[in-house]
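Have a look at the structure first, then read on.

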Amino acid sequence: MAAARAAGRPLVALESTLVAHGMPWPQNLETARAVEAIVRDEGAEPATIAVIDGRIRVGLDDAALERLARGGRAAAKVGRRDLAGSLLGGGLGATTVSGTLACAVLAGIEVFVTGGLGGVHRGAAQSFDVSADLSELARSPVAVVCAGAKSILDLPATLELLETLGVPVVGCGHDEFAAFYCRDSGLPLELRLDDAAAQARYVRLQRRLGLAAAVVFSNPVPAADALPRAEVDGWIAQALDEAQVQGIGGKAVTPFLLARLQVLSGGRSLAANIALVRHNARVGARLARALQAAG
Ligand code: PSU
Ligand code: MN
């Protein structure tokens, strides 16, 4: 990372919960490596963020990436509020969107690529389960490229809360809020910018206005890899029932649901997840280059 900085290549932050908790071995390591290669291929430098042996690391070597991927659930899931504790504990921690954003801000990185945002969970009116990703987006001046928010969530409520928090959501190659495995959510966005130079100008304007919030670029899964919504909804309903019966709660909910969907879909949700993360990496790296060019 220091070399990339010295060489003047723009950095792209990548999260690590997706690697440790979001995908199974060995596809998680393959995807992490592929995503880093895509970012490099586009002339930017990947900086995967994680807690390794009780230290925040911004930019991982291959050995650290493999440790995280092999560690899986043994790695702690580290959101913003877990950061200090994971440093004290001295162990291995995979940073979520909120944890990674906090570290990216500390490191001065302007672009962050992930799969899908956390958000308002279905039934949140009772459970109060709203991902810390949303409040972190409100205070992190970072451009975030994602395939919208995860399909397992209450997407209309997630979009409402992003508005409340002052976080702009910009469509990228599409007019609707992306729904992770699916392109369409039925929720139209008010702004769409497909071109990296225009996206960079938008980010610069947001900064010039002194608005500290992130800019979310909603970049849908490529059409060839998208899954039909009706089928996805069926798997989600079943996975949510199972979570309830088994009493899965708190931080365990999202990894549980993603893992069950992978099984219920016969691997199709994993293939879509991999495709969308790779696509986001390309778009994010191009944006990082455009931001650098815009100065
Ligand atoms: N996107 C993916 N896979 C994931 C996640 C996002 O493609 O595993 C992770 C992110 O790290 C996100 C987290 O921050 O899920 C949200 O968890 P929760 O709902 O507990 O806040
Ligand atoms: Mn939660």
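## The β2–β3 hairpin

Let's start at a turn: the hairpin of β2 and β3 has two residues between its strands, and D53 there takes a positive phi near 50 degrees. Helices (H or I, at least four residues) and strands (E, at least two) are DSSP runs, numbered from the N terminus. Before going further, note that this is a predicted model, where local features need pLDDT of at least 70, side-chain atom pairs count only at pLDDT 80 or more, and totals for chains, interfaces and linings use all residues. Residues are numbered from 1 along each chain as its sequence is written, while chains are lettered from A and ligands numbered from 1 in the order in which they are written.

## What β2 pairs with

Strands count as paired if DSSP finds at least two bridges between them. β2 and β3 (residues 55-58) run antiparallel, joined by four bridges, and V51 sits opposite I56 of β3. V51 also has a bridge partner in β5, namely G93; β5 (residues 93-95) runs antiparallel to β2, with two bridges between them.

With β1 (residues 11-14) the pairing is parallel, over four bridges, and V12 faces P46 of β2. Is β2 buried or exposed? Seven of the eight residues in β2 (residues 45-52) are buried, so the strand is largely enclosed by the rest of the structure. Buried here means 20 or more other C-beta atoms within 10 Å of the residue's own, exposed means 12 or fewer, partly exposed is in between, and C-beta atoms are placed from the backbone.

## The nonpolar core

V12 turns up again in the largest nonpolar core, which has 91 residues; V12, A13, V111, A143, V144, V216 and L287 have the most contacts inside it. Helix α13 (residues 268-294) gives the most to this core, with 11 residues. (A nonpolar core is a set of buried Ala, Val, Leu, Ile, Met, Phe, Trp, Tyr and Cys residues joined through C-beta atoms within 7 Å.) In soluble globular proteins, nonpolar side chains tend to be buried together.

Not counting residues up to four places away in sequence, V12 touches residues including V39, V111, V113, G284 and A288. Contact means C-beta atoms, placed from the backbone, within 7 Å.

## Annotated residues and T96

The unreviewed UniProt entry puts its "active site" annotation on E15 and K150; such annotations may be inferred rather than shown by experiment. E15 lies in the loop between β1 and α2 (17-22), and it is buried because 28 other C-beta atoms lie within 10 Å. K150 lies in the loop between β7 (143-146) and α9 (155-164), and is buried with 27 such atoms within 10 Å.

Beyond four places in sequence, the contacts of E15 include I49, T96 and T114, whereas K150 is in contact with G116, G118 and F180. T96 is in the loop between β5 and α6 (97-107), and its own contacts include K77, G118 and D133. T96 and D133 are 37 residues apart in sequence but 7.8 Å apart in space, C-alpha to C-alpha.

## Around ligand 1

Which residues are closest to ligand 1? They are T17, G22, G115, G118 and S131, from a shell of 18 residues, each with its C-beta atom, placed from the backbone, within 6 Å of the ligand. Elements giving two or more residues are α2, α8 (132-139) and α12 (253-264), and α2 gives the most, with four.

Technical notes
Contact = placed C-beta atoms within 7 Å.
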